[in-house]
Amino acid sequence: NTFNEMAGHYVIAGKAVSNHIIAMGFLGVYAAAGAYFALKPSAPQPATPPIKASSADEEAFIKEFLKSAEANDNKQ
């Protein structure tokens, strides 16, 4: 059998698998995994930055101020 004499091979599940087939399979899986992680949708980002208030009253004041400022912008 000239297949076994031409290049190295591994015996997998009783079949001779050539080294270049194993290498192409590895590269294909590596590229597919890279594409999956690169194209995976990310978590949605919040529309506004978080409010870093020292108390609940301060946070409520900031939210109310932003709401009134947006209402004034919409009027103009």
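Author: Ala 56 is found in helix H3, which covers residues 56–75; helices are DSSP runs of H or I of at least four residues, strands are E runs of at least two, and both are numbered from the N terminus. The model is predicted, so to speak of local features takes a pLDDT of at least 70 and side-chain atom pairs count only at 80 or more, while totals for chains, interfaces and linings use all residues. Residues are numbered from 1 along each chain as its sequence is written, and side-chain values use heavy atoms, with hydrogens and water left out.

With a relative accessibility of 61%, Ala 56 counts as exposed (over 50%; buried is under 20%, partly exposed in between, with a 1.4 Å probe and protein chains only). From Ala 56 to Asn 74 the sequence separation is 18 residues, and their C-alpha atoms are 27 Å apart in space.

Another alanine, Ala 13, sits in the loop between strand S1 (9–12) and strand S2 (15–18). Ala 13 is exposed as well, at 81% relative accessible area. Its phi is near 55°, a positive value in a residue other than glycine.

Helix H2 spans residues 19–39 and holds both Phe 26 and Tyr 30, four residues apart, about one turn of the helix. For residues 20–39, an unreviewed UniProt entry gives the feature "transmembrane region"; such annotations may be inferred rather than shown by experiment. That span is 100% helix and 0% strand, and its end C-alpha atoms lie 28 Å apart.

Which aromatic rings pair up? The count comes to two aromatic pairs, where the ring centres of Phe, Tyr or Trp (its six-membered ring) must lie within 6.5 Å, and planes under 30 degrees apart are stacked, over 60 edge-to-face and the rest tilted. Phe 26 and Tyr 30 form a stacked pair, with 6.0 Å centre to centre and 20° between the planes. Phe 26 and Tyr 30 are both exposed. Tyr 36 and Phe 37 make an edge-to-face pair, at 5.1 Å between centres and 75° between planes. These two residues, Tyr 36 and Phe 37, are exposed too.

Taken as a whole, the protein chain has three helices and two strands, in the order α-β-β-α-α along the sequence. Its radius of gyration is 30 Å, well over the 11 Å from the globule rule for 76 residues, so the protein chain is more spread out than a compact globule (C-alpha atoms; the rule is 2.2 Å times the number of residues to the power 0.38). Along the principal axes, the C-alpha atoms of the protein chain fill a box of roughly 85 × 30 × 15 Å. Of the 76 residues in the protein chain, 3% are buried.
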